[in-house]
Amino acid sequence: MKISLPRMLVLSLFLLVTAIPLVLVTLGAMSSDAALSRLDFGQASPAQFVSNISEVLWGPSQFAAALGNTVLLCVVMVALQVPSTFIAAYAFAFFTFPGKRGLYVTLVAAYLIPAVTTVIPLFFVMTALGMKGTPLGILLPYVLFSPYALVLFRERFETLPHELLDQARVDGLGPWGVLWHVAAPLMKSFITLIALVTFVTMWNAFLWPRLIAGAAWPTATVAMSSLQGQYDSNWHLVLSAAFLALIPAISAFVIVRNNLVTTFVEETEI
Amino acid sequence: MNQRNDSVVFMRAKPLLFLAPALLGALLAVGIPLVTLLPLSTVEWNLISPLDWGHWDNFARVLGNPQFTDSLGTTLVIAFCASALQLLLGGVIGYYLSVWTRSMKVLAALFLLPWMAAPVAIAVAWKWILAPTGGLLSESMGFRQDLLTNPATAPLVVACVIAWAGTGYTALFVASGLRSIPRHTLDAARIDGAGPSRLFWNIQLPQMRRIAFFLVVTVTLASLNVYDLVYVLTGGGPSGATAMATFTITQTALTTFQVGESAAMAIIFTVVELAVIAVEYLFYRLLTRRFD
């Protein structure tokens, strides 16, 4: 395809606008306090980066503990929410039962309810159950269901070759067998994508973890926002924390670079 | 949605076991909170005082509270600017992105980065860039700019940062939608003498209408519900200029402990949000009537 001038211009401009803040965060995380306040990025060095990161992780802000908390939440979330939503989407795609359509629409409509609306009563319910300030308080309401994943999984199930599934059933496989031996292997890369999105969503979550667990059991995002509040002038530490918080997004980008886009673009049909 | 294939594989399978975990999850995440919300909106309670139910005047009180009505207005303005910017830019970039080569895929993945990045980290980055004192922009220009602390510019800055984070996501959806239009449809139109602009208005845009509607709805919802970006970037300030509804509602519940009022606000905000989506749906039906 030939490269037209406006196309090049728009795309490279957007590339710059996207990349510059991320590059600046990285440079900031590699600078000392003094160099950063002079905006002397020539002083940025890997050694300074290591010293900044270790000060953030094990210094007074205890960011390491918060990161550990977040990783734990993400792992549990992926391990439970993805399979639970996956099998529900399977039932919606291939079973017939009374009230199916109504139930599906109701579940998807959950997506339209603002998070802040459910979070207020949830806060009082979870506090009454004694889960304030605990990881269970953060996880319990969201660990088994995601309307977003339900829709995407179901849409994907609908595009599977039905003859193949029917054949497997004729060959004697039950619903679980067809799911496990036929459907799941066909959707491997798509399941990976949803797992990735689930992980990153939990990693980035802020409103609910801040309300229900706060400083008692801080996640990385909560710890970072309080770090930023404390050290308004210590930008090299705040930026180092921001860099750490960007790691899952960046590694997702590095690991699945091509794969992600192919999956995102060619397998997701709306 | 794609056309439904009506052959159902398992006619008589018992769905309960497959659905039970997700249904339990939906009950916990949405069912129980929604059921408790209405009674909660009528309480007079500050977490310490005895629970006192039946104060339906909470709704009138909240609607007469300028702090809340202003924050609804702020939310609508910021969300409108952010969504419009994001959809427009995303549309243009997606259009240019839709004819990509292999190396363009790497570019596309990079465009997704701000969407996957933690909003708190993004807000920290932009706060550092824009801070009036000690910020990158002020320091490098040598004088104090007050984009974040001026009530006139702060909402626009917030809208721009929201759009910055979401434009790549929008662009990729647009690009993938454009690429899914069958080649022969475009070729046929070209042979009939359609130029690029007729191609766009008469073929590409109509074919994209479902994706466009999906994007408009998801982008609007995301912008209306922004919380973390605002929390870090401005803290709702200066003097409430960027206090979005999410911010006011949580503050009312957990900083000033007016639990009933905050639940009433949450219900009103939900109604406003659903109304916005309904208006968008009406527009969508109106504009696409001739295709269906």
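Tutor: In this predicted model, α3(B) and α12(B) pack with their axes 8 Å apart and at an angle of about 150°. Helices here are DSSP runs of H or I with at least four residues, strands are runs of E with at least two, and both are numbered from the N terminus.

Student: What makes α3(B) and α12(B) roughly antiparallel?

Tutor: Angles run from 0 to 180 degrees between N-to-C directions, and axes are lines fitted to C-alpha atoms, for helices over the stretch in contact. Angles under 35 degrees count as roughly parallel, over 145 as roughly antiparallel, 65 to 115 as roughly perpendicular and the rest as oblique. The angle of α3(B) with α12(B) is about 150°, so the pair is called roughly antiparallel.

Student: Which residues of α3(B) and α12(B) meet?

Tutor: B:Gln67, B:Phe68, B:Ser71, B:Leu72 and B:Thr75 of α3(B) meet B:Ala245, B:Phe247 and B:Thr248 of α12(B). Two residues are in contact if their C-beta atoms, placed from the backbone, lie within 7 Å. By class, this contact has four nonpolar, four polar and no charged residues. Ala, Val, Leu, Ile, Met, Phe, Trp, Tyr, Cys and Pro count as nonpolar, Asp, Glu, Lys and Arg as charged, and the others, Gly among them, as polar.

Student: Why is α10(B) called roughly antiparallel to α13(B)?

Tutor: Helix α10 (residues 209-224) of chain B packs against α13(B) at an angle of about 165°, with the axes 11 Å apart. That angle therefore puts α10(B) and α13(B) among the roughly antiparallel pairs. The contact of α10(B) with α13(B) has seven nonpolar, two polar and three charged residues.

Student: Why is B:Tyr96 called buried?

Tutor: A residue is buried if 20 or more other C-beta atoms lie within 10 Å of its own, exposed if 12 or fewer, and partly exposed in between, with C-beta atoms placed from the backbone. B:Tyr96 has 21 other C-beta atoms within 10 Å, so B:Tyr96 is buried. B:Tyr96 is in helix α3 (residues 66-97) of chain B. Leaving aside neighbours within four places in sequence, B:Tyr96 is in contact with A:Arg7, A:Val10 and A:Leu11.

Student: How do you know whether B:Ser239 is buried or exposed?

Tutor: B:Ser239 has 10 other C-beta atoms within 10 Å and is therefore exposed. B:Ser239 lies in the loop between α11 (228-233) and α12 (245-254) of chain B. Its phi is near 40°, a positive value in a residue other than glycine.

Student: What makes B:Phe257 partly exposed?

Tutor: B:Phe257 has 14 C-beta neighbours inside 10 Å, so B:Phe257 counts as partly exposed. B:Phe257 is in the loop between α12 and α13 (259-288) of chain B, and its phi is near 55°.

Student: How many residues does each chain bring to the contact?

Tutor: Chain A brings 82 residues and chain B brings 82 residues. On the side of chain A that touches chain B, helix α1 (residues 5-29) of chain A gives the most, with twelve residues.

Student: What confidence does the predictor give?

Tutor: The complex has an ipTM of 0.85 and a pTM of 0.87. The mean pLDDT of chain B is 85, where pLDDT is the predictor's confidence in each residue, from 0 to 100. Over residues 1-6 of chain B the pLDDT is below 50.

Student: What conventions apply?

Tutor: Residues are numbered from 1 along each chain as its sequence is written, and chains are lettered from A and ligands numbered from 1 in the order in which they are written. As the model is predicted, local features need pLDDT of at least 70 and side-chain atom pairs count only at pLDDT 80 or more, while totals for chains, interfaces and linings use all residues.
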